[in-house]
Structure formats: C-alpha cells, structure tokens
Amino acid sequence: MKPTFPHMGTIGVLGEAILRRFGREVILPPKTSKRTLTLGSRYSPEFACLPLKVTLGNLIEALERGADTIVMLAAGGPCRFGYYATLQNLILKNLDYEYELITLDYDMLNNLRKLKRLAQGQNWFQIGEAFRFGFLKLLTLEKMERSAHRIRPYEIKKGSTTKAYDEASRIIRRTFSFRELRWAKREAISLLKKIPQDKTRNPLKVGVVGETYTVLEPYVNLEVERKLGEMGCEVHRPVWATEYMISMLPIFSRWGPRRKYRKAAQPYLKEEPGGECIVSIGGTILYAKRGFDGIVHIAPFTCLPEIVAQGILSKVRKDLGIPILTLVLDEHTAQAGLITRLEAFVDLLQRKQARQKMKGKQG
Amino acid sequence: MAIRVGIPRALLYYRFYPLWKTFFTELGAEVIVSEPTTQEIFRKGLKKFIGDTCLPMKLVFGHVITLADKVDYLFIPRLVSIEKDTYLCPHFAGLPDVLRAIMPDLPPILDTYFNVRKKGVTMRSIYEAGKRFDKNPRRIYLAYQKAQEVYKKFLERIRDGITPQEAIQAFDGEEVPPVKERKERLNIALVGNPYTVYDPFSSLNIIQKLRKLEARIYTSEMIPDETIEEGIRALSKRIYWTFGKETVGAAFHYLDSKEIDGLIYIISFECGPDSLLKEIVDDKARKNKKVAYMSLVIDEHTGETGIDTRLDAFVEMIKRRRRSKKMEGEKNGK
C-alpha cells in the first residue's frame, strides 16, 4: 500500500510524518503547479470551489506517480469540504484510476479502526507517538514560518528571508525522528537568525485572514504573504494548520483555539455558518483592536462561508475603521493583477500611517 | 392595530409560507408578503449586496428593501438546519447578521434560531418566534400546532400533483385548475432548490413554459421522504444539505422509475451545494439511456429566448425518442 493525500499548505508534513512512522512508503503529489491546476479544473465541475479543483489535480498527479491509496479528511457540512472525498472519488473512478479510498470523518471509532489498519499492526502507544511527532514537526515548521513573517519586512537584501526559510523548511521536512527534529530545529533557527536585518524600519502590520486552504497554500494564493512581506509589511494570520487540525476534533469544537474568535465576533455574527467565517471576522476584530494597519481577506471564488464573512466585514470596516482588501481567487487569477492590487493597498496603508504620524507631531 | 410582520417572497417562503403565515395570524399579527419578484426588486437588492453570491440571495435583499417601510418586524429566521442530521447552506445561518450589517436601518429582525439537526424543533425556538405577539406560552404553542396542521395539508396537496407555487396560491385562496383537466402528454421531472425553481423570476417561468409544451410536471416535493432516502442510499456519504438531498434523491428516484420521459435540473450559478451535486446527478443520468436529461445553470444574465430554445429542443427530442421507440416496437411486433 502506497498512500497519498492532497497538499494543503504545511498539513502535508503532518500526514507524511505520521504515515512514514507507520512504516508506509508515502507518495506525495508533486508540488502544486500550473499542471495541477489545469488537470484539476479539467475534470472538476466547472463552478466548484478552487480547493476542490487543486486537490483533485494533486490526487491525479499522485496516482500517476504510483500511489494506490488515498487518505482524505471528510468533515460534515455545511461547508462543501465535507463532500470533497465522495465527489473526487466519483470523478477519479470515472477516469479509471484504481486505488483505495480511506476517509477520516466525525465517526471517531471508525477512524481509529482505519488508523490501526494504516499503522500495520503497530500498537496504540506507537500510533500516539507517531501523532505526537507529526504535530511537533508541524509546530516547528509553523514556528519557522511565523519568524519568517516577522523578519521579512526588516531584511536588507530582498528575498533573503524567503531563501533562508525555504532552506530551514527543507531541513525540517527531512527529519523522521524526535532526535533529528531537535537538531534540525536548532539549525533552522540559526539560519533565520543569520539574515541581515535593518531594525530601524517601522513596518506596517497586516493581518491575513480567510478560508484555510487558500491562506495555507502558497501556490493558490500566489504567495500573498511573501509579497506583502517584501513590500514592507509584518504579516500575521489567525489560520494555522495545527490550530485547524485541533479545531476539527469534536471535543475541541467548543473550547478549542477558535473560542477567542467566536467571542470577538459575537456582536456581529451570532451563529457559526461553518468554514472559517468566524475566524475571519473574529480575527479581523482582534487585529483591529491590537492596532493593525490593514487586513487582507482571502477567499476562493464562490466560497460559501467567506461570502457571509465578506458581507459582515463591510460593517466591521466601518465600525473599527480598518482598511480591508478582499481577494477572491480562482484558477484564472493572474500574478500581475494581484501585485497591482496589493501595491495599491500597501500604498494606502503607508499614507495613512504617515498622516497619523503628522497628526501626532502636530498634536 | 395589529403588529405587521413582513415575510420576503424568497428563499424558504416557497417551502414554509403556510406554516409561518398561520402561526403569526393565529397570534394576532398581520402578515405582509413582498410582491412577486420583478426586475426592479432584483436591481434594488443587487445595489446593496457586497461580494458575489447566488441569485436567490441577491433577491432576498431586494425583497427585504421593498418590505422595510411597510412592516414592524421582518421575519428572517436564522436557519442552521430544518431537518434531522442535515444542514442548510451556510448562507442561511448568517443571513440575518449579513442583512443587519449591510443595512443598519431595517426594522427589527425576528431572527429565531432553528437548529433541528439533533433535537428537532424545540419549544424554546417556537416561543422565541412568538413572544413579541403573545406572552402566553400555551397560546403560542397552540398557534404552532395549528400552523403544523395547515402545513401538513399543504404538503399533502403538493403530493397530489400540483406544484408548491400553486399550492401556495391555493392556500391564499386563489383558483388553481385541477390536475386532471389539463391536457398533458409528456412527463417531465423538475428538480433543484425550491427557491430557484418556484420563483418565476429566477427560473424564467419555466413551469408555465413546460406546461405550454404539454408537459406534466413532477417535483421533488411530490415524492415522500422515504423514497428520497431510498434514492440516495447508493452514495457512499450521506448528503448533508437538506435541499441537496431532496434534489439528488428525487433525481435518482425519477431516473430509476419508468414514469418519467425527461429530467431537468435547475441550478442557480454560484450555488455551492449544487455545483458539486450536479456532477453526481450528471454521472447517474449519463449511465441511464432511457430518460432524457438536461441541466440548466441560471443567473440574472440568462436570456429568456435561450431557455425557450433549449426547452423546445428538449421536448422535441423526447417526442422523437417516443416515436422511434414506437416504430421499433411495431417492427418487433411483426
């Protein structure tokens, strides 16, 4: 059995680490590329949401490479994500691919049974250790990403942070035991520390909120975070793969990491419409209260929960006076158009910052 | 003077209007429904809406605007789910909040919270809906029971073979010609979200058009729930959207049954659930050679003539199929 699963930002690291510790030969789909998108959109329903198309492309490319088992998450509605596995299964079967589909959903008992099968007779302790390792690895990687976001606006040579981060993530991704990971972490941190920085700058603070998949997957959002960073913005975001995984577990649905966003969004949205709607709104409000300069809201075209969020964010913007740029992405989104919009947005934020400074001096 | 409650003629109006109306009138309120959708109502809504969404959601905005200065309360319930173990599309759960965020000067919205996914309709949400009109829980509950009875009769009428739109007309006291008197030669099943199919504006009056082409219409409301569940049993994961489930269940049922000549699936552009479920219905219809199938994706830019042409062609195709089948039968007979 050679399992595979679609990419979703860094979440793939978790899956790969766990399955490798189970002693499986994992076949990862190649990095999401133009071809992935073309393949995916050719076989998907025409106006399905973007993540469905990209992940379908991922799966096709992985099956071409010889994978024979697909592991998918399938949470239950009302967002469309819960139905991906079923639909992609139908499409792939019609394309005559042969494989086995393993879906992990809300039925926990059944999930454990499926895990046991994937784990090739390892005992529960070993399975637990595999999960612990996977999460630790993912956390380490996210820590690197967080510091890269923090360092990028201060870098003296443009692109040096991205280069250092890519190297650091490669080092971390290579590890498959706790000990290796500890060493890799040290090495990665020192790599990021070596980046020459100009600490006198006063960067803008921008929050990136939106639908999990598009925020996490750099190819799909055309590396919005890197672009913002290189335009001189310190990027923060409320959506992280680890938090997402934790909030997927039913026991944490109420008390998990999303609680603070739910609380912040309460005056605007009383009930959770699913997806990351509540995080987008709550995150925006929390960032605005922390004095951020602007928010970039990312959503795939026709994303159901994010359209609700977009409507409500228009009120948040008026109430809290924070500029919000909504980027709706689909397979036709082009680099040049996006860059122009981001530049205009950053320009607006810079002027606003300068005006406030002037006012402060006069006052 | 009685308190005036406004119900927009959109979305779940096409499913629950008799229930809501009876409930509020029983409690002594006056129910005001917005006018049937027109181009003007649609434009009004479009101007206000931020971002892009499906046509039915844009229409609600227009209806709400036209109602705003005529009523004391707007009834726009916060519907998470209206059936066990299923959800509505996420838009419904956020709708009252989005309306309030975009149009702050609306009359107060009765946004009763309904989530019957686990426990069924609770006494609390019923009381919540009725407490502005009558403080007595017993009277509210009685009004609800009366509304339920009326609603059940309404559903039964639909099962007899009239469309929900006509059933609502009948409920309002208008004359609806009985089914038997019509001259109908073709049997066509029409599936899709009720608020897309039965709103004459968004579906471009497709029901009347099909009738003119001498077709008898079957809808997903005409078959009992068990049959719908039966229809989708073959799927590996249960569909968790109420209307998606009904649409696919009905489509599967009609495709398998012998009573239907053609199946039309109406989708509004950008409808989330339908964008995925279309693929499933398409797949099943492709494997079924006996029933003609067509899916129509509709939005505000869809031209009426285009639809006319497609419907004509569809009906013509069915007729031709019948003729060739007849001829084959005669040949075999010899």
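The notes below go through the interface, the strands and the nonpolar core.

## Ground rules

This is a predicted model, where local features need pLDDT of at least 70, side-chain atom pairs count only at pLDDT 80 or more, and totals for chains, interfaces and linings use all residues. Residues are numbered from 1 along each chain as its sequence is written, while chains are lettered from A and ligands numbered from 1 in the order in which they are written.

## Where A meets B

The interface brings 35 residues of chain A into contact with 32 residues of chain B (contact: C-beta atoms, placed from the backbone, within 7 Å). On the chain A side, α4 (84-94) and α14 (304-320) each give at least two residues, and α14(A) has the largest share with 9 residues. Helices here are DSSP runs of H or I with at least four residues, strands are E runs of at least two, and both are numbered from the N terminus.

## Strands in chain A

Strand β2 (residues 69-73) of chain A runs parallel to β1 (residues 3-4) of chain A, over 2 bridges; T4(A) has I70(A) as its bridge partner. β2(A) also pairs in the parallel sense with β3 (residues 100-104) of chain A, over 5 bridges, with V71(A) opposite I102(A). Pairing takes at least two DSSP bridges between two strands.

## The core

Which residues touch the most other members of the largest nonpolar core? Among its 191 residues, they are I281(A), I312(A), L190(B), A251(B), L263(B) and I266(B). Such a core is a set of buried Ala, Val, Leu, Ile, Met, Phe, Trp, Tyr and Cys residues joined through C-beta atoms within 7 Å; buried means 20 or more other C-beta atoms within 10 Å of a residue's own, with C-beta atoms placed from the backbone.

Leaving aside neighbours within four places in sequence, I266(B) has contacts that include L190(B), V197(B), I206(B) and I298(B).

Definitions and conventions:
Contact = placed C-beta atoms within 7 Å. Buried ≥ 20, exposed ≤ 12 C-beta atoms within 10 Å, placed from the backbone.
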